[in-house]
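Here's a quick tour of the model you have open.

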Amino acid sequence: MTRNDYTQALRILARDQRQVVAVGQLSGIGVSEVALRKRCGPGGPWQRVLPGVVVLRRGALSAWQRCRAALAYAGYPAAQAQLTGIAALALHGVREVVVPAEVRVVDVLVPAGRALRTHTWVRVHHARILPGREVVDELPLAPLVRAAGDGVRASCDPQWVRAVLRELVCDRGVDPAELAGELRRVPPARRSGIDEALRELSVPGLVRRPLGGQVRSLAALTGTRPPFWRPELRLDGVFLAKPDAYWAREGVVLEIGSPARDGRLHTCGLRVVRVPPEALTTSPALVVAALRAALSSGPHGPLDRVTVHPDHGSVKGI
């Protein structure tokens, strides 16, 4: 391989994987172990962040890079692996979890036969059969219910657990029985609070459907262009939020349901309109009025720094 070929191969790896590469990939394009040690050593331009994983720059990792590095540690894409737990819930857009940049431990799910262990900030879970995955921003995620199960099992905060379960059932339409099945492996000492929360969420008549049709109808009454539904927003390329709706020209965000961790949205100047689910049916005129007021007073925030990545899987509902 000529020097030009090597340089081009390295550039492609860095571009396609946002600087996160496996040592095996570097070896495959001609990077020797001696060269690797030198580049990752003191004063070098690269860093080893996990066994077998290198980031082709110095400095703190972005949220995406941390997730991709955890997957690379698990052997992805050559081997099967998915993000799960809190990191996956954040990427699924669950409002009650911290944003990906604030996830300290990244959970990965791998097949049961893999001899892979938890290491520093990567927590490894094993499954006899990996569930069907979803992909967000080129990252493979465990399905919502499985991710919630792993997140709840790792949490020591009962209030957070109840809030997440309620959001999944009331805002996402998840069947409480499905959650109960996934959570059956929670240690007995913590089961009582979870069982109580699931009993509350199993009450007949409880609204547990994301009210997508009603929201879209009310949004149409604002007289503006349709918003992006469930998009991923990034500020200067870094994950910002995944709101229920976003009007890109006006910088207006719509959030439905329980309070989200939307401090970063306010801080960067975007206008957030928060609506309780019941208001969609009990006070629709007030919802429309609030949206119109926010939209007409815009634009809000640094629109030139906010990029929108549409959620193509949300065309039928929020």
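## Starting at V136

V136 sits in strand β7, which covers residues 134–136. Is V136 buried or exposed? With a relative accessible area of 14%, V136 is buried. The cut-offs are under 20% relative accessible area for buried, over 50% for exposed and in between for partly exposed, using a 1.4 Å probe and protein chains only.

What does V136 touch once its neighbours within four places in sequence are left aside? The contacts of V136 are L91, L141, E232 and K242, where contact means heavy atoms within 4.5 Å. V136 and H92 are 44 residues apart in sequence, yet their C-alpha atoms are 7.6 Å apart in space.

## Ground rules and the whole chain

This is a predicted model, with local features needing pLDDT of at least 70 and side-chain atom pairs counting only at pLDDT 80 or more, while totals for chains, interfaces and linings use all residues. Residues are numbered from 1 along each chain as its sequence is written, and side-chain values use heavy atoms, with hydrogens and water left out.

Zooming out, the protein has 13 helices and 15 strands. Of its 318 residues, 50% count as buried. Take the contacts with a separation of 6 or more: 58% of them come from residues 24 or more positions apart.

## α5 against α6

H92 turns up again here, in a helix pair. Two packed helices are described by the angle between their axes and the distance between the axes. Helix α5 (residues 85–92) and helix α6 (residues 144–154) pack at about 140 degrees, with axes 7 Å apart. That makes α5 oblique to α6. For reference, axes are lines fitted to C-alpha atoms, for helices over the stretch in contact, and the angles run from 0 to 180 degrees between N-to-C directions. Under 35 degrees is called roughly parallel, over 145 roughly antiparallel, 65 to 115 roughly perpendicular, and the rest oblique.

On the α5 side the contact is made by G85, I86, A88, L89 and H92, and on the α6 side by L144, A147, A148, D150 and G151. By class, that contact has six nonpolar, three polar and one charged residues. Nonpolar covers Ala, Val, Leu, Ile, Met, Phe, Trp, Tyr, Cys and Pro, charged covers Asp, Glu, Lys and Arg, and the others, Gly among them, are polar. α6 is mostly covered, with ten of its eleven residues buried. Among the buried ones are R146, D150 and R153.

## α7 alongside α9

Helix α7 (residues 158–171) and helix α9 (residues 191–201) have axes that come within 10 Å and cross at roughly 30 degrees. α7 and α9 are therefore roughly parallel to each other.

From α7, the residues V161, R162, L165, R166, V169 and C170 meet G193, I194, E196, A197, L198, E200 and L201 of α9. The residues of this contact divide into eight nonpolar, one polar and four charged.

## A four-stranded open sheet

Four strands line up as β9-β12-β13-β14 in an open sheet with mixed pairing. Strands count as paired if DSSP finds at least two bridges between them. β9 (228–229) and β14 (271–275) stand at the edges with a single partner strand each, so one side of each has no neighbour in the sheet.

Strand β13 (residues 252–256) pairs with β14 in the parallel sense over five bridges, and E255 stands opposite R274 in β14. Helix α13 (residues 284–296) lies across β12 (245–247), β13 and β14, running at about 175 degrees to β14.

Two cis peptide bonds are worth a click. One runs from Y76 to P77, with omega near 10 degrees, and P77 lies in the loop between α4 (63–73) and β4 (82–84). Another joins G298 and P299, with omega about 5 degrees; P299 lies in the loop between α13 and β15 (306–309).

Then there are positive phi values outside glycine. T120 has a phi of about 45 degrees and lies in the loop between β5 (106–111) and β6 (122–127). T120 counts as exposed at 60% relative accessibility. R230 has a phi near 50 degrees and is found in the loop between β9 and β10 (232–235). At 3% relative accessibility, R230 counts as buried.

Conventions. Helix = DSSP H or I, 4+ residues; strand = E, 2+ residues; numbered from the N terminus.
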